[in-house]
Amino acid sequence: MQSGEEFDYNDRYGVLPAKRWVTPAIVFALIGGGWFIWAGLHHANPAIRSELISFSVTAEREISIRYSVNRTDPMQVVICTLTASDQDKNVVGQIDHKISAGASYNEQTTVIPARTAPVTAAIARCRAE
């Protein structure tokens, strides 16, 4: 060693500092965290929200369902698919019920005809037309 500098084995054998992963980890965490927050807020407030209130068997082959639909755009026409199931959870009736434009919050009562005796009713989905 003629230059007077202290000899370092790390420089000689190319050992890199152990904290090179910190910067990519921070960048990944910021991007991933931002996406996670956006996805949570976006899916927590859907444009159309439906909720089952009650159902009752009204005849041997029909069931009445009462449900509410809340939409962000009151001028949007909504179609809800309603199903009736038997005691073995087989779908025995299904209809599409159209809710015309109007108030943003609607409560509906609809009769679902069935091919056999229904015991339960459900909202399969509500979508914009």
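A search of the whole structure finds two aromatic pairs; rings of Phe, Tyr and Trp (its six-membered ring) pair if their centres lie within 6.5 Å, with planes under 30 degrees apart counted as stacked, over 60 as edge-to-face and the rest as tilted. In Phe7 and Tyr9, the ring centres are 4.7 Å apart and the planes stand at 85°, so this pair is edge-to-face. The rings of Tyr9 and Tyr13 have centres 6.1 Å apart and planes at 5°, so they are stacked.

Before I continue, a note on the basis: this is a predicted model, in which local features need pLDDT of at least 70 and side-chain atom pairs count only at pLDDT 80 or more, while totals for chains, interfaces and linings use all residues. Residues are numbered from 1 along each chain as its sequence is written, and side-chain values use heavy atoms, with hydrogens and water left out.

Together, Phe7, Tyr9 and Tyr13 form one aromatic cluster. Phe7 is partly exposed, at 37% relative accessible area, whereas Tyr9 is exposed at 52% and Tyr13 is exposed at 56%. Here, buried means under 20%, exposed over 50%, and partly exposed in between, for a 1.4 Å probe and protein chains only.

I turn now to the sheet. An open sheet of three strands has the order E1-E2-E5, with antiparallel pairing. Strands are DSSP runs (E, at least two residues), numbered from the N terminus, and two of them pair if DSSP finds at least two bridges between them. Strands E1 (48-59) and E5 (105-113) stand at the edges with a single partner strand each, so one side of each lacks a neighbour in the sheet. Strand E2 (residues 62-71) pairs with E5 over nine bridges; Ile65 has Thr110 in E5 as its bridge partner.

Note on methods. Helix = DSSP H or I, 4+ residues; strand = E, 2+ residues; numbered from the N terminus.
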